[in-house]
Amino acid sequence: MRCRNVSVESPSGFLTGIEDMAGMSNGALLLSAYSRRNPEDWPVGLFIVQPDFKNDHWTAKPLLALGKGTFPHGFAVNETEETLAVIIRSKNGKPKLGLYDLEDEALQFRAWLADPERWTSPIDYPCNMNDAAFISEADVVVTNDRASCTSAAKLIETVTGKASGQLLKLSLTGEVERLDDSLYFPNGVTGDTRGDVFAAQTRGKKLSQLKNGQDWDLPGAPDNVLYDNNSNSIWAAAIPSLLRYSAFQRGLLPGKSASLAIQVSLEHQSIETYITSAFEGATSVALLPNALVLSGAFSDGLALCDRPDA
């Protein structure tokens, strides 16, 4: 897969650690970004970019600025592209899920869908919300990658391979439903046009379909995923080797953490894998009309790639 690196600059500096992305129908690209290594030194928030395919330097406009110690993580855009559900993590507290209205390239806060101080459901609060997806205008599905809330217990879950990650459905009416609680580090989540849900099990190296319980074994550890209606397929950004990626996160073994883009055809039940060494550590994928875009939670900028399915 042929790719080139693109830097993205906001008024407060260049973007690094682009955690999640969404391609819009007008060709714009929404991004959430924060530096995992030095969060105080780099731009933090949600941004919108109008891609300039002729240049390798893009300009980002801020959509949502956050207070010190808070960081945007996964987010979802509804079908009409008028509403965003944004997971906001905190350095010293539990994450929240906020609902925002998008109008004229600006975000307006509407309500909290998940807030630990207002949580009334008998289901335990999701301390490790990772990604979100709209499955209707009134329902958002989120992944909770581990069931435990303390650092020690989360580490034990990760190391021992305990499959206790969850899928939760949060309704705008305040109802909460647990859809699954036996996933091994569920990360990205997406929905298709029929309301079905697909979750990436990063440490299980699987893509899981909720309705029929089908799993696809993948050649890498999937992170963020998206549904492409045109091809009726799921795209995933994936990590070839979690061991090498762990070293890459710590600034070790440069050039040893290639990036994968995986396409799972729901119609043909087939898996296509595309690899690039031009961009390291991709954890998110987005589709634009003429390009595939990769970003990474520990990487600078973006990778702009030829659409391999074109």
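Trainee: What should I know about the model and its numbering?
Mentor: The model is predicted, so local features need pLDDT of at least 70 and side-chain atom pairs count only at pLDDT 80 or more, while totals for chains, interfaces and linings use all residues. Side-chain values use heavy atoms, with hydrogens and water left out, and residues are numbered along each chain as its sequence is written, from 1.

Trainee: How many disulfides does the count come to?
Mentor: A disulfide is a pair of cysteine sulfur atoms within 2.5 Å. Cys3 and Cys305 form one, with an S to S distance of 2.1 Å. Cys127 and Cys149 form another, with sulfur atoms 1.8 Å apart. By this rule the count comes to two.

Trainee: Which pattern do the disulfides follow along the chain?
Mentor: The bonded cysteines are counted along the chain. Cys3 is joined to Cys305, and Cys127 to Cys149. The pattern is 1-4, 2-3.

Trainee: How many residues apart are Cys3 and Cys305?
Mentor: Strands are DSSP runs of E with at least two residues, and helices are runs of H or I with at least four, numbered from the N terminus. The disulfide joins Cys3 to Cys305. Cys3 is in strand 1 (residues 3–10) and Cys305 in strand 25 (residues 302–305), so the pair links distant parts of the chain. The two cysteines are 302 residues apart.

Trainee: Is the disulfide of Cys3 and Cys305 right-handed or left-handed?
Mentor: The handedness follows from the torsion about the S-S bond. That torsion is about 105 degrees, so the disulfide is right-handed.

Trainee: Is Cys149 buried, partly exposed or exposed?
Mentor: Buried means under 20% relative accessible area, exposed means over 50%, and partly exposed lies in between (1.4 Å probe, protein chains only). Cys149 has a relative accessible area of 43%, so the term for Cys149 is partly exposed.

Trainee: Where does Cys149 lie?
Mentor: Cys127 is in the loop between strand 10 (106–114) and strand 11 (129–134).

Trainee: Which residue of strand 25 is the bridge partner of Asn5?
Mentor: Two strands pair if DSSP finds at least two bridges between them. Strand 1 and strand 25 pair in the antiparallel sense over four bridges. Both faces of strand 25 are covered, with Leu302 and Leu304 buried on one side and Ala303 and Cys305 on the other. The bridge partner of Asn5 is Ala303.

Trainee: Which residue takes a positive phi in the hairpin of strand 24 and strand 25?
Mentor: Strand 24 (residues 291–295) pairs with strand 25 in the antiparallel sense over three bridges. Val293 has Leu304 as its bridge partner. The hairpin has six residues between the strands, and the residue with a positive phi near 65 degrees is Gly301.

Trainee: Why is strand 4 described as largely enclosed?
Mentor: Leu29, Leu31 and Ala33 point one way from strand 4, and Leu30 and Ser32 the other way. Strand 4 (residues 29–33) is largely enclosed by the rest of the structure because the number of its residues that are buried is five of the five.

Trainee: Which residue stands opposite Ser32?
Mentor: Strand 3 (residues 18–23) and strand 4 pair in the antiparallel sense over five bridges. These strands form a hairpin with five residues between them, and Gly27 in the turn has a positive phi of about 90 degrees. Opposite Ser32 stands Asp20.

Trainee: In which order do the four strands of the open sheet run?
Mentor: Their pairing is antiparallel. The edge strands, each pairing on one side only, are strand 19 (221–228) and strand 22 (270–276). Strand 20 (residues 233–239) and strand 21 (residues 259–265) pair over six bridges. The order is 19-20-21-22.

Trainee: Which backbone nitrogen does the side chain of Thr283 reach?
Mentor: Thr283 is in the loop between strand 22 and strand 23 (284–288), and at 2% relative accessibility Thr283 counts as buried. Contact means heavy atoms within 4.5 Å. Beyond its neighbours within four places in sequence, Thr283 is in contact with residues including Asp223, Tyr245 and Ser295. At 3.0 Å, its side chain reaches the backbone nitrogen of Ala297.

Definitions and conventions. A polar contact is a pair of N or O atoms within 3.5 Å; within protein, one must be able to donate a hydrogen and the other to accept it, and residues adjacent in sequence count only if both atoms are side-chain atoms.
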